[in-house]
Amino acid sequence: MKRVLIIVSAVVMLASCNSKKRLAEIKALQEARDKAVASLNDCDQRTADLRSQLSAKDTDLQGKDKQVSDLQGQIDYLKKTNTNLLDRMSDLSIVSKSGAESIKKSLETLNEQTKYTNNLNSSIQRKDSLNLALVMNLKRSLDDINDQDVQVEVKKGVVYVSLSDKLLFKSGSYDILPAAETVLGKVAKVVNDHKELDILVEGHTDVVPISTSAIKDNWDLSALRATSVVRTLQAKFGVAPERMTAGGRSEFAPKDDNSTNTGRQQNRRTEIIITPKMDQFFNLLSSGQAGGSK
């Protein structure tokens with residue numbers, strides 16, 4: 001009986017050892033399988049990455065091919081252009097010496113004209129700046145005068161000071177009113193500070209006719225009023241007479257509609273026009289034209 005128990009115990013122990021060994025083998029197989037699966041997954045991922053890179057390379061290669069094609073087209077165009085230029089150079093090589101001199105003179109004339117234009121533009125800019133300064137000075141000096149009686153503005157590139165007839169004269173008269181001398185004195189002070197400018201005084205009337213023993217018509221009245229202003233500027237405020245011109249425009253340069261009282265009042269005015277000296281202006285034109293005709 002004891003021997004049987006020993007044999008049974010040995011069998012049980014042997015079976016137990018075999019079971020543990022089997023479990024160890026199964027575990028090792030599972031680990032090996034897991035490693036194989038992980039390796040396979042990694043291989044699949046690398047394959048996918050390589051395919052993606054290959055696709056990108058294909059796209060890039062297609063782009064490079066297009067660039068090569070475009071560059072080849074440009075090379076062909078430049079070759080054609082170069083050939084045309086060589087042909088033209090061949091044609092130009094037969095230009096005579098007299099033709100070359102003519103081209104040179106034309107270029108010199110163009111340069112002179114360009115220089116003249118630049119100088120003229122510079123002179124115009126200086127004149128515009130001077131006009132702006134004149135307007136500011138005149139408005140500042142005449143600030144206390146009614147705006148309806150005195151207007152200062154730039155028209156056609158020159159400064160206009162427009163004075164109403166009621167400020168300067170009695171109705172139908174060309175004698176300067178004493179109160180008007182204050183206004184003319186302020187204008188004279190500004191123009192005396194700019195001796196490089198000339199003064200044109202223009203008299204204007206409305207369409208209402210006038211005829212007296214001293215005044216024949218509106219031509220007379222407008223001209224006499226202009227000369228009265230010029231004399232006052234010269235005699236009382238020292239404006240050089242050689243800088244001034246007096247003229248009458250009668251009713252023929254209206255500022256407003258003569259069919260209304262307000263319009264006629266606007267038209268009865270004397271304008272002091274401050275201009276650049278004409279001889280200097282024409283000298284500038286002449287010098288520019290002479291330079292351009294060389």
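Is Glu-271 buried or exposed, and what is its relative accessible area?

Reply: Glu-271 is buried, with a relative accessible area of 3%. Buried stands for under 20% relative accessible area, exposed for over 50%, and partly exposed for what lies in between, using a 1.4 Å probe and protein chains only.

Some ground rules come before the details. This is a predicted model, where local features need pLDDT of at least 70 and side-chain atom pairs count only at pLDDT 80 or more, while totals for chains, interfaces and linings use all residues. Residues are numbered from 1 along each chain as its sequence is written, and side-chain values use heavy atoms, with hydrogens and water left out.

Glu-271 sits in strand 5. Strands (E, at least two residues) and helices (H or I, at least four) are DSSP runs, numbered from the N terminus.

Now look at the surroundings. Glu-271 touches Lys-155, Tyr-160, Val-161, Ser-162, Leu-200, Val-201, Glu-202 and His-204, leaving out residues up to four places away in sequence. Contact here means heavy atoms within 4.5 Å. Two polar contacts also involve the side chain of Glu-271. One goes to the side chain of His-204, at 3.4 Å. Another goes to the side chain of Arg-269, at 3.0 Å. A polar contact is a pair of N or O atoms within 3.5 Å; within protein, one must be able to donate a hydrogen and the other to accept it, and residues adjacent in sequence count only if both atoms are side-chain atoms.

Follow His-204 next. His-204 and Ser-222 are 18 residues apart in sequence, yet their C-alpha atoms are 5.2 Å apart in space. Ser-222 belongs to helix 5. Its relative accessible area is 0%, so Ser-222 is buried. Beyond its neighbours within four places in sequence, Ser-222 is in contact with several residues, including Gly-203, His-204, Gly-248, Arg-249 and Ser-250. A polar atom of the Ser-222 side chain lies 3.5 Å from the backbone nitrogen of Arg-249.

Strand 3 and strand 4 run parallel, and 5 bridges join them. Two strands pair if DSSP finds at least two bridges between them. Leu-200, one of the residues that Glu-271 touches, stands opposite Thr-245 in strand 4. From strand 3 the chain passes through helix 5 to strand 4, a β-α-β crossover that is right-handed. Right-handed means that, with the strands pointing away from the viewer, the path from the first strand over the helix to the second runs clockwise.

Now to charge. Side chains of opposite charge can pair when their charged atoms come close. A salt bridge is a side-chain nitrogen of Lys or Arg within 4 Å of a carboxyl oxygen of Asp or Glu. The whole structure holds 8 of them.

Glu-202, which Glu-271 touches, forms a salt bridge with Arg-249, at 3.5 Å from N to O. Glu-202 lies in strand 3 (residues 197–204) and Arg-249 in the loop between strand 4 (244–248) and helix 6, so this pair ties together parts 47 residues apart in sequence. Glu-202 is buried at 11%, whereas Arg-249 is partly exposed at 35%.

Arg-268 has two such partners. Asp-165 is one: the closest N and O atoms of this salt bridge are 3.2 Å apart. Asp-165 is in helix 3 (residues 165–168) and Arg-268 in the loop between helix 6 (261–267) and strand 5 (269–276), 103 residues apart. The relative accessible area is 10% for Asp-165, which is buried, and 25% for Arg-268, which is partly exposed. Asp-206 also forms a salt bridge with Arg-268, its closest N and O atoms being 2.7 Å apart. Asp-206 lies in the loop between strand 3 and helix 5 (218–237), so its pairing with Arg-268 ties together parts 62 residues apart in sequence. Asp-206 counts as buried at 7% relative accessibility. Shared partners join Asp-165, Asp-206 and Arg-268 into one network.

Ser-250 is in the loop between strand 4 and helix 6. Ser-250 is buried, at 2%. Its phi is near 55 degrees, a positive value in a residue other than glycine.
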